[in-house]
Amino acid sequence: MEEPMMVDQVEEAGSRGRPGHCSTLQTKTNPIIEDYSISSNVLGLGINGKVVECFSKKDNTKYALKVLKDSHKSRREVDLHCRGSACPHVVGIIDVYENVYNNQKCLLVVMECMEGGELFQRIQDRADGAFTEREAACIIREICVAVQHLHLLNIAHRDLKPENLLYTSLNEDATLKLTDFGFAKETFSKESLQTPCYTPYYVAPEVLGPEKYDKSCDIWSLGVIMYILLCGFPPFYSNHGHAISPGMKKRIRTGQYAFPNPEWANVSQDAKELIKGMLRTDPEERFTIFDIMKNKWIVQYTEVPQTPLYTSKVLREEGDLWQEVQDEMTRSLATMRVDYDTLQIKTLDHANNSLLSKRRKKTDK
């Protein structure tokens with residue numbers, strides 16, 4: 001795996017593009033260092049490259065900079081992200097540069113800097129009492145707004161997961177936004193996607209292969225996120241501590257999960273029914289994003305019961321284990337950077353972690 005290019009010596013001059021948030025892919029060709037100061041502080045690692053801090057030389061505003069090798073796949077990622085970023089719940093793209101580093105063309109993507117952290121980390125770190133079902137409904141609604149925008153554009157994100165859901169700031173009124181379009185793809189018909197791009201905990205059964213699939217795979221992932229938001233642990237996991245296993249795949253394919261007590265004892269039936277609609281194994285029977293946006297639990301999200309949930313407690317108890325899993329997934333997904341539409345994705349059967357070891361006893365082996 002090649003290391004992402006650094007940008008402290010980018011070169012090549014040319015015309016400037018439009019300032020502000022992008023809605024279509026428009027690139028600048030002047031050196032990015034004319035407009036931005038590049039930091040060595042790494043903010044994260046996406047599927048296709050590192051994300052580092054950068055600062056506007058005009059007003060010293062902090063942004064996030066993603067560095068990609070210039071290729072058809074990278075341009076697709078940036079183009080789909082640009083189109084998606086017209087939505088207030090998708091991370092905005094500010095500028096895109098075509099520059100050259102060590103004779104290698106690269107795309108430099110300047111994005112909003114999401115300083116509020118990842119979704120689950122924010123819930124885990126909260127110190128103001130229990131996380132409630134109403135708060136979960138507000139969060140799911142925000143994610144749904146982003147997914148609806150993408151699906152209206154016939155874009156499948158294909159990597160909906162908590163690590164790709166970031167807050168704009170640490171403030172209470174911060175906005176949640178979706179990022180990382182490394183697996184995103186246009187899909188104009190049913191069964192138009194085939195590549196098994198996935199993160200194990202959130203993967204829809206049809207994506208495991210060999211079936212073709214469409215953007216409804218995002219709805220399954222959304223259902224998994226909602227499930228975790230309401231209890232703190234995922235509906236599908238390996239009983240033996242692996243990132244994914246034959247038994248886990250079987251349970252995903254058959255939709256075998258439960259709502260165990262005590263975590264689910266007081267969660268509303270409306271929430272459980274919505275999850276059931278999203279986690280239908282047959283994509284034809286699964287809710288669409290438009291079904292979800294009309295669902296009572298989403299439409300009347302401000303009236304959802306303020307039932308205290310176990311989520312914060314469970315995430316705190318198992319926070320280090322979740323981080324182990326996220327780190328493993330990031331490392332594994334990073335190896336998919338090369339032409340992932342023709343790459344058979346390596347399964348993670350041997351990536352051991354101890355996540356949810358307490359819960360292995362609660363499910364049949």
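So, arginine 122: its charged end sits over the ring of tyrosine 167, 4.2 Å from the ring centre. By "over a ring" I mean NZ of Lys or CZ of Arg within 6 Å of the ring centre and within 35 degrees of the ring normal.

Quick housekeeping. This is a predicted model, so local features need pLDDT of at least 70, side-chain atom pairs count only at pLDDT 80 or more, and totals for chains, interfaces and linings use all residues. Residues are numbered from 1 along each chain as its sequence is written, and side-chain values use heavy atoms, with hydrogens and water left out.

Now the rings. The whole structure has 10 aromatic pairs. The rings are those of Phe, Tyr and Trp (its six-membered ring), and they pair if their centres lie within 6.5 Å; planes under 30 degrees apart are stacked, over 60 edge-to-face, and the rest tilted. Take tyrosine 227 and tryptophan 264: that's a tilted pair, 4.7 Å centre to centre with 45 degrees between the planes. Tyrosine 227 is in helix α4 and tryptophan 264 in the loop between α5 and α6, so the pair ties together parts 37 residues apart in sequence.

The cut-offs are under 20% relative accessible area for buried, over 50% for exposed and partly exposed in between, with a 1.4 Å probe and protein chains only.

Then there's phenylalanine 236 with tyrosine 257: centres 5.7 Å apart and planes at 70 degrees, so edge-to-face. Phenylalanine 236 is in the loop between α4 and α5, tyrosine 257 in the loop between α5 and α6, 21 residues apart. Phenylalanine 236 is buried too, at 0%. Ring pairs link both of these, plus Tyr227 and Trp264, into a cluster that also takes in Trp220, Phe233 and Phe259.

On to the core. What I call a nonpolar core is a set of buried Ala, Val, Leu, Ile, Met, Phe, Trp, Tyr and Cys residues joined through side-chain atoms within 4.5 Å. The largest one has 68 residues, and those with the most contacts inside it include Leu119, Ile143 and Trp297. Who gives the most to this core? Helix α4, residues 217-231, with 12 residues. A second, separate core has 13 residues, among them Val51 and Met114.

Back to isoleucine 143: leaving aside neighbours within four places in sequence, it's in contact (heavy atoms within 4.5 Å) with Leu119, Leu165, Leu176, Leu222 and Ile225.

Glycine 232 is in the loop between α4 and α5 and is buried at 0%. Its C-alpha is 8.9 Å from that of phenylalanine 120, 112 residues apart along the chain.

Last one, histidine 157, in the loop between β7 and β8, also buried at 0%. What does its side chain reach? The backbone nitrogen of aspartate 159, at 3.1 Å, and the backbone oxygen of threonine 179, at 3.1 Å.

Terms used:
Helix = DSSP H or I, 4+ residues; strand = E, 2+ residues; numbered from the N terminus. Polar contact = N/O pair within 3.5 Å; in protein donor to acceptor, adjacent residues only side chain to side chain.
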